[in-house]
There are 2 protein chains.
Amino acid sequence: MNILRIGYLDCLGQLTVVGDISKEDFSKRFEFIKYHSDSYHPYVITDEADKIVAAGTLLIEKKFIRNLGTCGHIEDIVVDFRQRGKNLGKILLQALKELAIELGCYKVILDCEEGKVQFYEKCGFKEKGRQMAFYK
Amino acid sequence: MNILRIGYLDCLGQLTVVGDISKEDFSKRFEFIKYHSDSYHPYVITDEADKIVAAGTLLIEKKFIRNLGTCGHIEDIVVDFRQRGKNLGKILLQALKELAIELGCYKVILDCEEGKVQFYEKCGFKEKGRQMAFYK
């Protein structure tokens, strides 16, 4: 499967800057993610033509707190703007949450803009705190 | 070095529930973290008696966005309540931020309670969004 050709980066490009990534560099990162498949769980939704129209990743973190607990981080959720209003975001979130539970996570967290709080509440999440960021 | 004896879990226990962890289970998790030392970077500050008085972890995430960017997640920051007011939190954050930059992170993020926003602002972070959580 050529994940580049089926629009993974096109889809992510609707979330933020993706950049000009060579096929070789993409493949290296793809192999890294595959090799670390206990930590990285990228999920996608494809359309009838097998083009990716929604994407999101569950990152697994092993902690010492909470009885050596496992925490799930949901990252880089995006739905193709041409496919919005079809509940794809909610379906994706539900799948990632179910996977997190299956993998033993005691909690699943994500960060979002203030304007997206309501959407995530509809997906069963509750506002917990503030996201702080430092950019290089 | 026996990290259990030098108070790692005692320190983390001031952040949240740690639970009753056997020496064997702790060692297994410790070995896991060591084995995944490209992803997990736990930092501690010790006192004169080599007891851990502050702790925090940098978790490295490899992304597809931002030119196959690397994101640093700062997790489980805690300072022993008997050692507060000595700037240990700030020193720890600074060290974790520097490590993140050294490891090529384009951003470093963390989640905190609303009441801690000001502290993290003093550490060079800016409020970026909301943290949403789902608990099993």
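In the predicted model, strand β5 (residues 126-135) of chain A is joined by six bridges to strand β4 (residues 105-112) of chain B, and the two run antiparallel; helices (H or I, at least four residues) and strands (E, at least two) are DSSP runs numbered from the N terminus, and two strands pair if DSSP finds at least two bridges between them. Within this pairing, Phe134(A) stands opposite Val108(B) of β4(B). Residues are numbered from 1 along each chain as its sequence is written, and chains are lettered from A and ligands numbered from 1 in the order in which they are written. Local features need pLDDT of at least 70 and side-chain atom pairs count only at pLDDT 80 or more, whereas totals for chains, interfaces and linings use all residues; side-chain values use heavy atoms, with hydrogens and water left out.

The contact between the chains involves 59 residues of chain A and 59 residues of chain B, where contact means heavy atoms within 4.5 Å. Chain A and chain B bury about 6,100 Å² between them, 58% of it on carbon and sulfur atoms, buried area being the accessible area (1.4 Å probe) that two parts lose on being put together, summed over both. On the side of chain A, the residues that lose the most area to chain B are Phe64(A), Arg130(A) and Met132(A), which together account for 16% of what that side buries.

Across the interface, 38 residue pairs are in polar contact, both at pLDDT 80 or more; such a contact is a pair of N or O atoms within 3.5 Å, of which, within protein, one must be able to donate a hydrogen and the other to accept it, residues adjacent in sequence counting only if both atoms are side-chain atoms. Strand β5 of chain A contributes 10 residues, the largest share of the side of chain A that touches chain B. By class, that side comprises 30 nonpolar, nine polar and 20 charged residues, with Ala, Val, Leu, Ile, Met, Phe, Trp, Tyr, Cys and Pro taken as nonpolar, Asp, Glu, Lys and Arg as charged, and the others, Gly among them, as polar.

Eight salt bridges are counted between chain A and chain B, each defined by a side-chain nitrogen of Lys or Arg within 4 Å of a carboxyl oxygen of Asp or Glu. In one salt bridge, the side chains of Lys63(A) and Asp76(B) meet at 2.9 Å, N to O. Over all chains, the structure holds 14 salt bridges. Asp76(B) belongs to strand β3 (residues 70-79) of chain B and Lys63(A) to the loop between β2 and α3 of chain A, so this pair joins two chains.

Over all chains there are 14 aromatic pairs, for which the ring centres of Phe, Tyr and Trp (its six-membered ring) must lie within 6.5 Å, planes under 30 degrees apart counting as stacked, over 60 as edge-to-face and the rest as tilted. Phe64(A) and Tyr8(B) form an edge-to-face pair, with 5.2 Å centre to centre and 80° between the planes.

Within chain B, seven bridges join strand β1 (residues 40-46) to strand β2 (residues 52-62) in an antiparallel arrangement, in which Tyr40(B) stands opposite Leu59(B).
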